[in-house]
Amino acid sequence: MLVDSHCHLDFPELAGRFDEVLAAMSAHEVGHALCVCVALDGFDRVLELALRDERLSASVGVHPDQRETPEPDVATLVRLAAHPKVVAIGETGLDYYRTTGDTEWQRERFRVHIRAARQAGKPLIIHTRAASADTLRLMREEGAEAAGGVMHCFTEDWETARAALDLGFYLSFSGIVTFRNAAPLREVAARVPDDRLLVETDAPFLAPVPHRGKTNEPAFVRFVAASLAELRQQSIDRIAQTTTENFFNLFSHARHIHDM
């Protein structure tokens with residue numbers, strides 16, 4: 001069995017195909033998927049989808065790219081995270097790639113999520129793009145290691161990977177690892193310890209080869225796993241077992257959902 005550790009089933013590209021997406025998961029032996037929230041005003045939609053199937057869990061958080069959305073506070077995140085289907089805080093982090101001008105609001109939002117995760121006792125889902133130094137700095141300053149979590153859709157260098165691993169975080173790889181121009185990332189993916197490795201789709205984005213350019217979905221996480229198996233000279237069954245165990249070790253509340 002495989003687990004898609006990060007997808008967005010509430011996005012319009014997938015929400016209208018919900019039953020089809022779940023059927024494809026079964027056909028490709030993907031036994032669980034984490035539906036990740038990116039804005040507070042979309043949380044109810046994410047939770048409603050997760051409640052429709054025992055193979056799904058949810059998170060609560062506000063993506064650093066989201067400007068026009070209710071701003072989270074610690075109390076709100078902790079309250080929403082108390083729902084049994086919610087297994088993580090995020091997607092949160094820093095993204096300077098498209099942001100111009102002052103970015104202090106992103107850093108303050110990230111701090112709020114880290115504090116909420118520590119209080120709620122649930123791990124973080126961290127997004128970082130063009131902001132790795134500040135991301136790691138805030139993680140250290142706010143004690144993110146106390147909550148734990150994952151650096152999702154990891155695309156950074158080994159130095160950043162090592163720093164995140166030293167904080168106790170997992171690294172999750174998406175379809176990007178299958179792209180022709182991703183040789184440096186594949187070198188990083190080959191070095192991550194077995195017990196810190198996760199796979200994801202980030203669906204509906206970043207469909208892996210051979211589906212690149214199409215709408216991504218959780219079933220396609222198998223192609224990510226196959227790429228990692230080749231890189232790490234392991235069988236795909238070994239990658240599936242390892243990453244599934246890692247997922248349920250990190251997102252321990254998801255184990256209870258899946259086993260209901």
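Predicted model: local features only at pLDDT ≥ 70, side-chain atom pairs only at ≥ 80, totals over all residues.
Local features are described where pLDDT is at least 70, side-chain atom pairs count only at pLDDT 80 or more, and totals for chains, interfaces and linings use all residues. Residue numbers start from 1 along each chain as its sequence is written, and side-chain values use heavy atoms, with hydrogens and water left out.

The strands come first. Helices (H or I, at least four residues) and strands (E, at least two) are DSSP runs, numbered from the N terminus. Two strands are said to pair if DSSP finds at least two bridges between them. Strand β2 (30-35) pairs with β1 in the parallel sense over four bridges, and V30 of β2 is the bridge partner of L2. β2 also pairs with strand β3 (residues 56-60), again in the parallel sense, over three bridges. Here A33 has L56 of β3 as its bridge partner. Six of the six residues of β2 are buried, so the strand is largely enclosed by the rest of the structure. Buried means under 20% relative accessible area, exposed means over 50%, and partly exposed lies in between (1.4 Å probe, protein chains only).

Another parallel pair is formed by strand β6 (residues 149-151) and β7, over two bridges. M151 stands opposite L171 in β7. In a regular strand the side chains alternate between the two faces of the sheet. Strand β7 (residues 170-173) is covered on both faces: Y170 and S172 are buried on one side, and L171 and F173 are buried on the other.

The next part concerns loops. H8 sits in the loop between β1 (2-7) and α1 (12-15). H8 counts as buried because its relative accessibility is 2%. Its side chain makes a polar contact of 3.1 Å with the side chain of D202. A polar contact is a pair of N or O atoms within 3.5 Å; within protein, one must be able to donate a hydrogen and the other to accept it, and residues adjacent in sequence count only if both atoms are side-chain atoms. Leaving aside neighbours within four places in sequence, the residues in contact with H8 (heavy atoms within 4.5 Å) include L14, V36, E91, A203 and P204.

P204 belongs to the loop between β8 (197-199) and α9, and a cis peptide bond with omega of about 15° joins A203 and P204. P210 is found in the loop between β8 and α9. A cis peptide bond joins V209 and P210, with omega of about 15°.

E29, with phi of about 60°, lies in the loop between α2 (18-27) and β2. E29 counts as exposed because its relative accessibility is 52%. Q233, with phi of about 55°, lies in the loop between α9 and α10 (236-250). Q233 is exposed, with a relative accessible area of 76%.

The last part is a helix contact. Two packed helices are described by the angle between their axes and the distance between the axes. Helix α8 (residues 183-191) packs against helix α9 (residues 221-232) at an angle of about 75°, with the axes 9 Å apart. Axes are lines fitted to C-alpha atoms, for helices over the stretch in contact, and angles run from 0 to 180 degrees between N-to-C directions. α8 and α9 are therefore roughly perpendicular to each other, a term for angles of 65 to 115 degrees; angles under 35 count as roughly parallel, over 145 as roughly antiparallel and the rest as oblique. R186, A189, A190 and R191 of α8 meet L228, L231 and R232 of α9.
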